[in-house]
Amino acid sequence: MMDRARIAAGGLRDFAQGLGHPTLRLGVTGLAGSGKTVFITALVHALTKGARLPLFDAYAQGRIARAYLEPQPDDDLPRFAYDEHVAALTGADRHWPESTRRLSQLRLTIDYTPLGIIARNFGPGFIHVDIVDYPGEWLLDLPLMTMTYSQWSAATIAQSRQPPRATLARDWHDLLATLDPSARGEEAIALKSAMLFTSYLARCRSRDVSLSTLPPGRFLMPGDLAGSPLLTFAPLDVDPHMDFPRSSLGALMKRRYDSYVAKVVKPFFFGHFARLDRQIVLVDALAALNAGPEAVKDLRDAITGVLACFRQGATSWISSLFGHRIDRILFAATKADLLHRTSHDRLENILKLIVADATTRAEFFGAKIDVAALAAIRATREAMVNQGRQELPCIVGTPEKDETIGSESFDGKSEAAAFPGDLPGDPTEALAGGAEGTIKFIRFRPPDPGAMGFPHIRLDRSLEFLLGDRLA
Ligand SMILES: Nc1nc2c(ncn2[C@@H]2O[C@H](COP(=O)(O)OP(=O)(O)OP(=O)(O)O)[C@@H](O)[C@H]2O)c(=O)[nH]1
Ligand SMILES: [Mg+2]
């Protein structure tokens, strides 16, 4: 009940602030490295500076008079570092924005001319689009809200005993085997467990393993909590129903886990996710495909777990009172520019499989769903390259420094054509394996920003789905 009351309080504030000020809270949801910061930057850049957006109707019809950044609504949140990100992408030494370390917010206001004659008689319209950016690691914490410490411990340890995690967990497992949850709780032991557990999580995340389900999110991305007792806990090998004696190690760990959920996870969820109107869910399927089927399965599990926490479109009393019901969700496979256009359908099919559980649930609640292969900022162009008698559909761009194709290594300055390999025609193969090593995606530097704004793939279609009807 407390939690519902919290959403109601947030909803009431939004409702009061929104009176006479049409506002859309757009959730840009995605795990670490999925492309949130780049997407938000590209969206703002396209609308404020211009881009080619033929499929975004209001824009293509010239009905958007002006779009501009305004002071954001929540005074207690830092501002999204839009100018810094654009400077990184367009400066002399073009590079992608840094991975995000803290929460930030922006408000984009769009002045537009409504479509209908009646609406037009009321004069020009405007809408505020509020967006929050955060470190993707934190998203993985949402499922902890529904788990006790013992349940989380049991699930985390069981998972860590499966390949490919087991070998990465060896040091932590060695310590774990010596710990007695009923013994006296000592700070030094809690610290050591947390440290070894965190380095296990970090190893699972490395690029060649690329696993996704790695909570607690603040362990890998502490934000302002670095060194806090809130992060000094770890799983213990316990029975899911066990009670811990007072002052025991188990009791200490449980208390800290509970504080983490109450003081870190819930405020993050209720302050942000419970108040969204719409969502774009960004998925970097290519990084997982690069690492193999275990990574793809793990990505699917992570996304399913996270999205189960949203009450998508649920007609609860809260949503009927305050209208906070997620009515549209776009699932987007990001970085589609790392593939030739002939493979985009296959990428979309793999994404559909990864988010199958999540979409069924959302559709059940009446949310409108779309799936797209997207590149918010397109770093490559396409070319057909002759290889013997075959013509290969390649992509051309400037590989990041130290990327390799075959035996060739790049300096970050010269262009190259790459054939990343064929995605499986049957998406289930992406989960089943067998095709390991046949595809390889490398990273490219951001493109030279042209006079027409950043090049992109389907950014306009995405904007149409997410904003179009609100500008009609
Ligand atoms: N080629 C290409 N690469 C992209 C694109 N979007 C993102 N990337 C790459 O993906 C990386 C991560 O993108 P971000 O936008 O920083 O990801 P994020 O979701 O904000 O990640 P966190 O801040 O760590 O949660 C970038 O540094 C780029 O290398 C895109 O449209 N095309
Ligand atoms: Mg980011």
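**Close-up 1. Strands β5 and β6 side by side in the predicted model.** Here β5 (residues 278-283) and β6 (residues 328-333) run parallel, and six bridges join them. To find your way along the pair, pick out L282: its bridge partner in β6 is A332.

**Close-up 2. The open sheet of seven strands.** Step back from that pair and you get the strand order β2-β3-β4-β1-β5-β6-β7, with mixed pairing. Which strands stand at the edges? They are β2 (64-70) and β7 (368-373); each has a single partner strand, so one side of each is left without a neighbour in the sheet. From one strand to the next, the twist averages 20°.

**Close-up 3. A salt-bridge network of R278, D327, R328 and D469.** These four residues are linked to one another through a network of salt bridges.

**Close-up 4. D298 and R165, a buried salt bridge.** The two side chains meet with N and O 3.2 Å apart. This pair links distant parts of the chain: D298 sits in helix α13 (residues 293-307), R165 in helix α7 (residues 165-168), and 133 residues separate them.

**Close-up 5. E348 and R458, a salt bridge between a helix and a loop.** The closest N and O atoms of this pair are 3.9 Å apart, which still counts, because the cut-off is within 4 Å. E348 lies in helix α15 (residues 344-354), and R458 is in the loop between α17 (428-432) and α18 (459-467), so the contact ties together parts that are 110 residues apart in sequence. As for burial, E348 has 12% relative accessibility and counts as buried, whereas R458, at 24%, is partly exposed.

**Close-up 6. E98 and R101, a salt bridge with exposed partners.** For this one, the closest N and O atoms are 3.6 Å apart. E98 is exposed, with a relative accessible area of 56%. R101 comes in at 52% relative accessibility, and it also counts as exposed because the cut-off for that is over 50%. How many salt bridges turn up in a search of the whole structure? The search finds 23, and the pair E98 and R101 is one of the salt bridges in the model.

How values were computed:
Residues numbered from 1 in each chain as written. Chains lettered and ligands numbered in written order. Predicted model: local features only at pLDDT ≥ 70, side-chain atom pairs only at ≥ 80, totals over all residues. Heavy atoms only, no water. Buried < 20%, exposed > 50% of the residue type's maximum accessible area, 1.4 Å probe, protein only. Helix = DSSP H or I, 4+ residues; strand = E, 2+ residues; numbered from the N terminus. Pairing = 2+ DSSP bridges. Axes fitted to C-alpha atoms, helices over the stretch in contact; angles between N-to-C directions.
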